[in-house]
Amino acid sequence: VNAVSLEIAEVAAVGSLGANWPTIWQALLRGELASSAAVNNGYPLTPGVPVSAVVGLDRHIGEDEYGPAFRLGRDVLHKFAPASDTKIRYFGATNHSESDILLHLSQEMPETRSLWRALVIDPLTEHLFPGPSAWTFSACTGGLHALFAGALDLADGKCTDAIVIGVDALSAIGIAGFWRVGATTRGVCRPLQADRDGILIGEGAAGVHLRAVSNDSKEGVRLLGMGMSCDAFHPTDPDDTGAWLEQAIRDAVQRAGCELHTIAGIVSHGTGTAKNDQVETEVYRRLWQREGIPVTSIKSAMGHTMSAAGLFNVLVATEACRSGQMPPVSRESANAMHGIDLIQGEPRPIPKGAALLAVAMGFGGNNCACVVGGAN
Amino acid sequence: MLCTHEKPTSFPLSLAAGFDSVANQASFGGVGKCEDAYLAQHSNIKHARHFGRAPALAGATAARLVERVGEPKLRTGLICNGGPWNLHASWSFLSRARDAGPAYLNPIHFAPTLVSATATAVAAAVGAHAFSYVVGCDYFAFFDVLGRATQALRHGYAERVFALAVSASDSSIEAAVTRAGLLMPIDVGLGFSVGGLGTGDLSLLEVVTEESSIANYSLTSRYDALIDGSRLTFPCKTPISGTEALGATAAVLILSAAEYHSRHRESSEGPEFIVTLRNSKRFAAAILRINLS
């Protein structure tokens with residue numbers, strides 16, 4: 001038996017709030033938000049739908065089959081600098097990958113054989129990573145399922161380092177789909193608030209470099225525990241009872257060796273939709289009914305980044321653990337849902353090194369939770 | 001997180017074919033041509049007609065697997081191999097949005113545009129509450145599926161995992177592969193229940209991705225597959241010779257090798273055997289044991 005810990009050695013991201021993680025983090029602390037109309041980002045089918053877009057992202061689909069999702073993933077991948085003597089594995093997640101290739105093929109000529117091939121063999125999964133890789137597809141929990149795969153490979157000694165990236169660019173299917181199911185906000189996304197009216201569709205890539213380190217090491221931030229479950233209930237809606245989400249959270253906390261009362265805060269999935277936020281807050285109220293717990297969501301600021309969303313939450317939890325402050329859901333005061341301690345206005349101080357919960361939920365009922373905390 | 005590098009344990013594998021294939025050069029079903037009428041009747045997933053054929057085939061396969069191993073009273077996870085299984089739903093959805101306008105889209109059609117819907121739709125049908133996701137999309141995908149399944153079992157995330165190997169063509173995939181100059185995928189629907197109760201038809205000892213990891217099995221019979229481009233070489237008869245099975249390839253190779261190994265057990269080294277797959281970029285192998293004569 002070989003006991004190890006999993007250190008979150010590096011994090012990296014590209015999103016609507018910035019081209020790197022430090023910039024995004026500072027913007028989150030300031031309660032900034034990035035939103036513009038879909039039509040201004042090249043999506044005229046649903047012109048008025050608000051989106052949170054990465055400024056300057058090249059959305060061209062090239063004959064090399066590369067498009068915006070690939071470029072986002074590559075940008076994040078290049079920010080990591082693992083040591084050369086490590087045994088690295090790469091783990092990826094995406095929802096709609098380069099699905100705008102379909103739009104390209106329906107609109108533009110000449111068609112190329114490589115673009116048709118890209119519909120059968122996903123160019124993102126085929127070309128993004130330079131070494132052994134595994135891709136996981138589970139909608140908006142994809143990033144965390146990929147993180148779990150990396151963590152378990154590290155635990156099993158299959159690699160010394162795992163680089164995990166979740167990536168999704170805006171896509172015509174995604175924008176039209178969320179709009180048509182009635183899930184998009186008409187104005188400002190207000191997660192976990194009584195007057196919420198839907199998601200802000202976002203895009204971006206988030207990455208985590210996990211490393212197996214000695215259990216004696218007391219430095220850095222650790223991935224302490226992970227839990228997962230599936231409602232197995234409905235294609236888009238969460239199970240009303242939240243029973244399976246609760247089980248995933250309890251499992252993550254238990255595996256982390258923590259108690260519920262030792263969790264200092266939650267970086268929630270908090271999409272801003274009626275059903276998701278209702279179920280999520282109900283579970284938090286049930287689990288922390290006595291002491292309450294600070295809860296935040298970053299989706300009002302940078303939108304719902306789809307498969308990257310769970311990893312973005314892990315990045316926020318990691319940075320909050322390091323810095324001792326959790327970002328607010330918005331700069332202004334918010335009309336928080338009943339019974340939750342929603343962080344609003346200013347960042348919330350928490351003890352440095354405290355354990356935090358990051359949550360993701362996805363279409364099809366998948367739930368993922370992980371506990372991040374200081375080495376001590 | 002305290003993690004233990006646990007000694008690999010073997011897991012029972014119980015098998016089910018998603019349909020009765022005919023004239024497929026193999027004694028096992030689930031490979032060849034599945035009739036659409038059969039799929040329509042047996043897919044067992046809600047709104048099946050909005051999905052492509054592969055998700056429907058996954059549903060039919062899971063239903064047969066449940067018949068074989070019983071209702072999932074155990075904490076069950078579900079993993080499918082990936083592939084272009086959402087292409088039909090995506091293409092239809094986007095065409096409708098473009099031609100008629102997004103207001104004329106049926107909201108029910110949105111979820112099937114995700115490749116993960118293949119797994120989650122089936123999970124809802126069979127009550128798999130531990131997890132449900134899709135893994136990999138290249139020829140090695142089913143090795144990845146089995147690897148993740150055993151990992152989840154070893155670390156206590158499930159008591160049983162339904163590992164589904166699916167491949168199918170439909171009008172959208174047919175159009176794309178034709179224009180891309182690729183081979184048309186054949187229908188594959190193979191279900192593996194990994195872990196759980198009983199001894200299983202096979203035992204899965206290990207799934208590895210490095211050749212050095214099988215050095216300990218030097219005396220074990222090996223069935224080595226090589227993929228050069230899309231051309232497959234395999235030492236025993238397999239129903240996918242000269243065809244295309246994309247992410248379900250490894251599952252068919254495993255069953256082809258199991259069938260051959262079972263038939264030639266007296267002349268082979270024992271009940272254990274290894275199936276390997278290699279191309280210019282990757283290597284993967286599964287170490288298995290025949291449990292039934």
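Predicted model: local features only at pLDDT ≥ 70, side-chain atom pairs only at ≥ 80, totals over all residues.
**Overall build**

The secondary structure of chain A comes to 11 helices and 16 strands, while chain B has 7 helices and 11 strands. For chain B the radius of gyration is 19 Å, close to the 19 Å that the globule rule gives for 293 residues, so chain B is as compact as a globular protein of that length. Chain A likewise has a radius of gyration of 19 Å, which agrees with the value near 21 Å that a compact globule of 376 residues would have. Along the principal axes, the C-alpha trace of chain A spans about 60 × 50 × 40 Å, and the C-alpha atoms of chain B fill a box of roughly 65 × 40 × 35 Å.

The table sets out further values for each chain.

| Property | Chain A | Chain B |
|---|---|---|
| Buried residues | 67% of 376 residues | 62% of 293 residues |
| Accessible surface | about 12500 Å² | about 11000 Å² |
| Share of that surface from carbon and sulfur atoms | 49% | 50% |

As to charge, chain A carries 28 positive and 39 negative side chains, and the centres of these two sets lie 3 Å apart. In chain B there are 24 positive and 24 negative side chains, with 4 Å between the centres of the two sets.

**Nonpolar cores**

The largest nonpolar core holds 112 residues, of which Leu147(A) and Val194(B) touch the most other members. When neighbours within four places in sequence are left aside, the residues in contact with Val194(B) include Phe11(B), Pro12(B) and Leu13(B), together with Leu146(B), Ala149(B), Thr150(B) and Leu153(B). Also in contact with Val194(B) are Arg160(B), Val161(B), Ala163(B) and Leu204(B).

**A loop residue in chain A**

Gly353(A) is placed in the loop between strand 14 (348-349) and strand 15 (355-361) of chain A. Because its relative accessibility is 34%, Gly353(A) counts as partly exposed. Not counting residues up to four places away in sequence, Gly353(A) touches Cys321(A), Gly373(A) and Gly374(A). The C-alpha atoms of Gly353(A) and Ala375(A) are separated by 7.4 Å, although these two residues are 22 residues apart along the chain.

Key:
Residues numbered from 1 in each chain as written. Chains lettered and ligands numbered in written order. Heavy atoms only, no water. Helix = DSSP H or I, 4+ residues; strand = E, 2+ residues; numbered from the N terminus. Rg over C-alpha atoms; globule rule 2.2 N^0.38 Å. Buried < 20%, exposed > 50% of the residue type's maximum accessible area, 1.4 Å probe, protein only. Areas by Shrake-Rupley, 256 points an atom, 1.4 Å probe, with all protein chains shown as cover. Lys, Arg positive; Asp, Glu negative; His and termini not counted. Charge placed at Lys NZ, Arg CZ, Asp CG, Glu CD. Core = buried A, V, L, I, M, F, W, Y, C linked by side-chain atoms within 4.5 Å. Contact = heavy atoms within 4.5 Å.
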